[in-house]
Amino acid sequence: NYVNFGVFELYGDPSLNDALDVTLRLALSIPLNHLMSYQKVARAYFQLIEVLTHNHTAFLVSRDSATFLHIGTSLETGLKSLDVSISSQCAAAVDSLAAFYFNNIVNGENQTPAAQTFVSHIQKNPQIFPSILKTLFEIVLFEDCSNQWSLSRPMLSLILLNEQVYNDLKMQIIASQSTEKQQRLASCFEKLMDNVSRTLESKNRDKFTQNLTIFRHDFRAKK
């Protein structure tokens, strides 16, 4: 027999939260450099984080800021993994966190305690989301990635969180290129958000993914 997760909170039973807390503490006790050295362990860790961000987001963002920063750092590291399954799991986890922030904070009217804690985390560590977005752009633009669809999902969520941060990052990435590539990359960026609205609806996500495919192709095309 199975019990719906919501039943525990409804009846004030902390059993599930306690179990999740112990599990997360055990997972986080492994140093990140050790974690990434053992592929099977890394896969299990990121699968756990993916499940927690998707199904237990409020629990995860309610942890202390140091824990949240560690998780964010580990996700950014996992995105750079050559193991496609790990980078895809990390992308899904980042998307869940960014979508939660967008829906409950950027567009939310009455913030829950979890949302308020999330805001506090970002205020203390404002570089978390911009750094991850920069990493995603670098992977899409400069590396051979076979999971571009997976990587595109959190990119839109992160862009919509703070469009000024996105614009600053865009200029930073363009400036990092050689003079002959800057104009082409700037032109690609101009088209990236064409017909993309400020929502995370499936149709809008698919449009962004389509634009990103063209963005990557046009920049990497030899001219």
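## A term to start with

To describe how helices pack, we use axes: lines fitted to C-alpha atoms, for helices over the stretch in contact, with angles that run from 0 to 180 degrees between N-to-C directions.

## Two helices side by side

Keep in mind that this is a predicted model. Find helix α7, residues 84-106, and helix α10, residues 148-161: they pack at an angle of about 25 degrees, and their axes lie 8 Å apart. Angles under 35 degrees count as roughly parallel, and α7 and α10 are therefore roughly parallel to each other. Their crossing is left-handed.

Which residues of α7 and α10 meet? From α7, the contact includes S87, A91, V94, D95, Y101 and F102. From α10, residues including S150, L151, R153, P154 and L161 take part. Taken together, the residues of this contact divide into 12 nonpolar, four polar and two charged.

## The whole chain

Now zoom out. The chain has 13 helices and zero strands. Its radius of gyration is 18 Å, close to the 17 Å that the globule rule gives for 223 residues, so the chain is as compact as a globular protein of that length. Along its principal axes, the C-alpha trace spans about 60 × 45 × 35 Å.

## How confident is the prediction?

The mean pLDDT of the chain is 93, with 99% of its residues at 70 or more. Where in the chain is confidence lowest, and where highest? Helix α1 (residues 5-10) is lowest, at a mean of 82, while helix α6 (residues 65-79) is highest, at 97.

Notes. Residues are numbered from 1 along each chain as its sequence is written. This is a predicted model: local features need pLDDT of at least 70, side-chain atom pairs count only at pLDDT 80 or more; totals for chains, interfaces and linings use all residues. Side-chain values use heavy atoms; hydrogens and water are left out. Helices (H or I, at least four residues) and strands (E, at least two) are DSSP runs, numbered from the N terminus. Angles under 35 degrees count as roughly parallel, over 145 as roughly antiparallel, 65 to 115 as roughly perpendicular and the rest as oblique. A crossing is left-handed if the near helix is turned anticlockwise from the far one by less than a right angle, and right-handed if clockwise. Contact means heavy atoms within 4.5 Å. Ala, Val, Leu, Ile, Met, Phe, Trp, Tyr, Cys and Pro count as nonpolar, Asp, Glu, Lys and Arg as charged, and the others, Gly among them, as polar. pLDDT is the predictor's confidence in each residue, from 0 to 100. The radius of gyration is taken over C-alpha atoms; the globule rule is 2.2 Å times the number of residues to the power 0.38.
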